Amino acid sequence: MKTSKQNISRRNFIKLSGLTGAAFTLGFYFPANAKEAKIIKADDASVLNVELNAWISIDTSGKVTIINHRSEMGQGSFQSVPQIIAEELEVDMNDINIVFAQGSQTKYGSQITGGSSTIRGSYQRLLKLSASAREMLIESAARQWKVEKTECYAERGHVIHKPSGKKLHYGALVEEASKLQPPAQVELKRPSDYKIIRKPLPRQDTPLKTNGTAIFGLDKKIPGMLYAVVERNPRFLGKVKSFDDAAAKAVPGVKHVIPVKMRVFSHDREGVAVVADNLWSAMQGRKALKVVWDDNGFEHHSTEQLYAKMNESFSTGKALSFKTKGDAGAAYATASKKLEAVYETPYESHSCMEPLNCIAHFKDNKLEIWGPIQGPDWVQKDVADLMGLKADDVTVNMTFLGGGFGRKAFLDYPHEAAVISKAINAPVQVVWSREDDMTQGPFRPGMVYQCRGVLDGTRMSSFETKVAGQNMGHQNPGANKKSYNSSITEGFLETYLDSIPNYSFSDVPLESPIPVMWWRSVYSSTNGFAFESFIDELAVAAAMDPLAFRRQHLWNGRYHDLINKLEEVSGWKSRSKNAGFGVAITECFNSIVGEVVKVSKATDGKIKIDKIWAVMDCGWYVNPDIVKAQVEGSIVMAHGAAVKHATHFKDGMAVERNFDSYKMSRINEIPEIEVHIMDNEEKAGGVGEPALPPFTAALTNAIFDLTGKRIRKVPFSLDQV
Amino acid sequence: MASITLKINNKEVSVDVDPKMPLLWVLRDVAGLTGTKYGCGISQCGACTVHLDGNPMRSCILPVSAAANKSITTIEGLSDDNSHPVQQAWITEQVPQCGYCQSGQIMAAAALIKRIPQPTDKDIDSAMQGHICRCGTYTRIRKAIKTASLISTQKASKG
Ligand code: FES
Ligand code: FES
């Protein structure tokens, strides 16, 4: 497989792949009102004037070109998509050339890399598309040889006639295959027959990332490009009152100093941009700039106020009900064996290693954007709206992303770049410093959970959770602030609820000017801690083994399989009493993950994490090594949020500005992580996020097991338990 | 502005820049070597690590004037074909996820195995704990350093 670094327009793709020449191109599109994608040849698509959603194109040399319509931010779509195609198309990975697609909602449907959806959203269509192309190639060979199609099969880019051993290269068949119609039905391989899928093939983008040649957003340069840095109001709704640019303009290289606004949900974030012919000068100019902010009338909140408000709101605020059965309130009021606990989680910064940046070139009422962008189609549409352009006049080019985690799906930074480019009438790269990136948000919202449970013998008979915190949906223009948060059970094994007669889940929204948004695994990242800590507390109250307690509430065999595996690999049953083992299981984006953490006390009394076991059930998957890497990475990110970092607010501003105060997990703090993947016939679930939510509870449950101390507030320090 | 002669990856390069400009930005924006990354600018993350006379150095806080007449090696100069034992090990162990931190990680690891050909876990901890990987590739980095050490001993015994 080769990856081509250039971004291509549809026209270039046609040229590049020979779409209109002697090539065989098959794609799919979504007919209006249809639920299913339809497979169609490129020629017919142009006759019918439909835009293809994804293509496979095979040229006369047998080379296969495919479009990668997802961004690559570390999750390995570079590898996974061609692996899927090579399997059913019966070609070698080396024969596949993959190119990035540009953002276009109309062409590709949603391109967002979020919700761990890269594979989940498209694998069945890709399998079918590849198998259809293969069948057409086999068919055209059979016709040429005048033999039965059933006597032929495909292997490594060739069609072979079994009885005679005759062999034809795909390249020689493309012209004939282009004349056939795609089969109405194709049979897909069973996972046990896979030759390429399920194999831990090395990622093809790795060599680009070990020799410095991978081009991230910050590395991209376009001719005539200027550099901008922006001094933005550090308070979330503040404005620019005035600025003095004399000293900034005196810095050699500085070309413009202009006020700028970018859209953050329903508000404009105001700042002053310093534009120079090189980045260093722009940064020096910014230092010399004097801005007077207007923060009049805006709330200068602090972390203390926010959390006091949230905690109070359990008794004073109006809870918006999301899900209920029976009467949890009455069950709790009258129960004899009951438990209440409150769990607190912090605001967090995404802090991708590559700080935000974006290039924009606004010219003749057209806009072209280059950058590390998770959702190119959203950026195309939303930035077009904000700039008063037609979506077709906006082109979005993706580079490699130095991390995304949800943050690079937001449109503020491309919008701001577009505004600056338009104002100065030149292409410009806007670079955010680490401090900008860490203090401006949007942040992962901090949430507080009030959980109440009732035991009937050793079983849960009532489960009640009230959640206080910001509802991301409430930030959008015109949002109904009385709407409940439908994400408050994410992460929770909802199958538990089938065996619980009374439950209630509700939220009391906190309205705050702090912008918040998705952070790897979204609300599950905090929900998982509360729910799986509380289940552990209930298991302890029921005097049961925490895994056995969970198992008895789950009827579905899939969960039992996962629990059995977890028990087996972690040596759960042979552990001694209070040896420091903790477990948690969560479900997120259709994948179930169980984790066991083992802790011990070092001689200095500090808690040490000895080992982590994770069992991932993501259903159908492509590349086990990529799945494992994503589980490892999710655990490390969860570790940071559990015991290392948090974003605090003071006087209306974020306190932590760089890695000296927002402390990251380091190599010496991460123990061995042993990952197992379940093999089953379930549908594909997410891979990039679902291993994050269970970690924190598994850790604090382990600490309880070792020390008897229950931790209900994160982050906490392992040195001071 | 001042004219400064730098020796980058065994080539002499003359740059005309503010002598206070950190080496990082000279490498990236003047010399066009974008493999060295910006992550924090305050010596906290290691993304900008290069070798200065063979020693790992944070280029984000090093004024370019301090690098004059010294030999600078960036990721691009470690090898041009991924043949350095650390690069090979990084590919074998499939370390990178997003990849952004990896130039710095690789430069630090290369300096480590040069100094200590068979590093212990403790050696790895102390050499690498200044390097942040937000994607969480730490367990693989540890493994890859051990693999790199193996590869380079094999190379040495062959060569
Ligand atoms: S950029 Fe130099 S240490 Fe972070
Ligand atoms: S691989 Fe992404 S930060 Fe290290």
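**Two domains of chain B, and a partner chain**

Between domain 1 of chain B and domain 2 of chain B there are zero salt bridges. Keep in mind that this is a predicted model. So what does link the two domains? Seven residue pairs are in polar contact between domain 1 and domain 2 of chain B. Looking at the side of domain 1 that touches domain 2, you will find strand E3 (49–52), strand E4 (55–58) and helix H2 (75–78) of chain B, each giving at least two residues. E3(B) provides the largest share, three residues. Sorted by class, this side of domain 1 has seven nonpolar, eight polar and two charged residues.

Let us step back to the layout. Domain 1 of chain B covers 2–78 and domain 2 covers 85–158, and their C-alpha centres are 21 Å apart. In all, 17 residues of domain 1 are in contact with 13 residues of domain 2 in chain B. Together these domains bury about 1,200 Å², with 62% of it on carbon and sulfur atoms.

Now turn to chain A. Here 47 residues of chain B are in contact with 57 residues of chain A, and the two chains bury about 4,400 Å² between them. B:Gln97, B:Arg134 and B:Tyr138 supply 19% of the area that chain B buries against chain A, more than any other three residues.

How many salt bridges cross the interface of chain B and chain A? There are five, and B:Arg140 with A:Glu632 forms a salt bridge at 2.8 Å, N to O. Chain B and chain A also have 28 residue pairs in polar contact. Several helices of chain B each supply at least two residues to the side touching chain A, including helix H1 (23–30) and helix H4 (102–115). The largest share, five residues, belongs to H6(B).

Note on methods:
Residues are numbered from 1 along each chain as its sequence is written. Chains are lettered from A and ligands numbered from 1 in the order in which they are written. This is a predicted model: local features need pLDDT of at least 70, side-chain atom pairs count only at pLDDT 80 or more; totals for chains, interfaces and linings use all residues. Side-chain values use heavy atoms; hydrogens and water are left out. Domain bounds come from an automatic or database domain assignment. Contact means heavy atoms within 4.5 Å. Buried area is the accessible area (1.4 Å probe) that two parts lose on being put together, summed over both. A salt bridge is a side-chain nitrogen of Lys or Arg within 4 Å of a carboxyl oxygen of Asp or Glu. A polar contact is a pair of N or O atoms within 3.5 Å; within protein, one must be able to donate a hydrogen and the other to accept it, and residues adjacent in sequence count only if both atoms are side-chain atoms. Helices (H or I, at least four residues) and strands (E, at least two) are DSSP runs, numbered from the N terminus. Ala, Val, Leu, Ile, Met, Phe, Trp, Tyr, Cys and Pro count as nonpolar, Asp, Glu, Lys and Arg as charged, and the others, Gly among them, as polar.
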